[in-house]
Amino acid sequence: MLFFMWGLLTSLNDVLIPHLKAVYTLTYVQAMLVQFCFFGAYFIVSVPAGALIRRIGYQNGVVAGLTVAAAGCAMFYPASLGGYGLFLLAFFVLASGITILQVAANPYVTILGPASSASSRLTLTQAFNALGTTVAPALGGMLILSGAVLTIEDLALLPAAEQLAYKAKEAAAVQGPYLALGGALLALAVFFAVARLPRIAERSAAAGTEVSLMSHRHLVLGAIAIFLYVGGEVAIGSFLINFLGEGHIAGMTAAVAAPYVSYYWGGAMVGRFIGFAVMRRVSPGKALAFNAACSVALIVLAVVGSGSVAMWAILAVGLCNSIMFPTIFSMALHKLGPATGQGSGLLCMAIVGGAIVPFGQGWMADVMGVQMSFLLPAACYLFILYYGLKYAGMYADEKRAA
């Protein structure tokens with residue numbers, strides 16, 4: 001339930017970005033400030049979140065994260081009345097709560113069993129995260145984008161008072177869905193507060209561990225891989241509706257395109273359930289490298305192609321994304337011992353890639369067009385290919401011992 005909820009909240013951004021872009025007449029760079037504020041919270045909040053969890057434990061950390069995320073959802077009500085800046089603040093608070101959840105839940109899953117199967121175990125829980133990301137675009141399209149949409153040209157023809165009334169109505173469309181989500185998060189917080197979960201104490205690292213983290217090369221490169229993976233995945237999702245709206249691709253309206261974003265995230269969900277079984281037999285590093293290579297090939301096809309070929313090529317990248325985050329995360333934390341909590345905090349800070357890469361793609365889209373801007377995520381996946389190949393034999397000793 002926990003992984004499902006934060007997947008749902010994260011993927012809803014893909015619907016809100018084109019919605020807010022139309023309501024406030026934003027450029028692509030300005031619209032990407034949504035992801036900049038949302039994923040920027042990971043960079044700012046991860047270290048304090050790690051310190052909080054060392055103090056109160058994993059389970060209480062989850063409760064704290066859910067409560068903060070619920071407060072962020074509640075802020076969408078006044079934001080819809082106050083303008084784009086308040087929306088950005090609400091996104092930051094919501095993401096701060098999700099950051100606390102990430103710092104608590106991901107390492108908790110990795111240490112609930114043998115290290116050699118940590119990638120498989122985290123892939124299973126991430127599959128339910130992907131279920132949330134799959135449901136969110138279709139749900140958001142139905143609840144937020146279902147109203148009559150005016151083009152910029154049509155809107156300009158209306159009197160000033162009617163323009164303001166229309167924009168206020170469209171901004172208010174987010175109030176009900178996010179208040180409902182806030183209530184669901186509070187209910188989950190109560191559930192986790194009373195649930196009887198296995199208690200695993202967060203071990204304190206020895207003095208000087210902060211410096212020694214940098215000596216774990218697989219952790220440092222893993223943090224870079226997480227930065228680029230999250231950035232690439234989020235950037236693609238953020239631009240899908242606009243990409244499918246291009247005349248030479250599919251020419252869809254935002255409301256029609258929104259359900260297709262579910263195919264992108266749905267591919268990740270299906271792939272994670274498959275990966276849960278496959279990676280018990282196949283090296284996680286090799287599986288990671290294979291998926292990254294497929295992602296690069298599909299994105300290049302989407303950039304040079306048109307019509308249904310380009311559309312389905314970019315949507316199929318979601319299937320390749322499936323195992324990447326849990327595999328990189330568990331590989332990067334391998335054999336960190338008492339520094340696992342701090343390593344997790346570093347990796348969660350690296351999720352700030354979801355703020356930087358979409359922002360860069362927004363600039364490229366304004367300058368070069370939406371289709372060519374997808375070359376940036378393709379470059380991200382090239383590094384992930386390198387990381388998978390470099391550590392393809394990481395778990396060989398543990399498997400031989402088993």
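Student: How many disulfides does a search of the whole structure find?

Tutor: The search finds 0 disulfides, a disulfide being a pair of cysteine sulfur atoms within 2.5 Å. This is a predicted model, in which local features need pLDDT of at least 70, side-chain atom pairs count only at pLDDT 80 or more, and totals for chains, interfaces and linings use all residues. Residues are numbered from 1 along each chain as its sequence is written, and side-chain values use heavy atoms, with hydrogens and water left out. The pLDDT, the predictor's confidence in each residue from 0 to 100, averages 85 for the protein, and 89% of the residues score at least 70.

Take Cys294 as one case. The closest cysteine sulfur to its own is that of Cys320, and because the two are 4.9 Å apart, they are too far from each other for a bond. Cys294 is partly exposed, with 27% relative accessibility. Here buried means under 20% relative accessible area, exposed means over 50%, and partly exposed lies in between (1.4 Å probe, protein chains only).

Cys348, by contrast, has a relative accessible area of 0% and is buried. Among the residues in contact with Gln102, leaving aside neighbours within four places in sequence, are Cys348, Phe325 and Trp6; contact means heavy atoms within 4.5 Å. Gln102 belongs to helix α7 (residues 84-110), helices being DSSP runs (H or I, at least four residues) numbered from the N terminus. Gln102 is buried too, at 7% relative accessibility.

Phe325 leads on to helix α17, where it is one of the buried residues, along with Met324 and Pro326.

Lys335 is exposed, at 62% relative accessible area. Its phi is positive, about 60°, although Lys335 is not a glycine. Thr25 is another residue other than glycine with a positive phi, near 50°. Thr25 lies in the loop between α2 (13-23) and α3 (28-31) and is partly exposed, with a relative accessible area of 43%.

One stretch calls for caution. Over residues 204-211 pLDDT stays under 50, and the model has 7 contacts beyond four places in sequence for them.

Note on methods
Helices (H or I, at least four residues) and strands (E, at least two) are DSSP runs, numbered from the N terminus.
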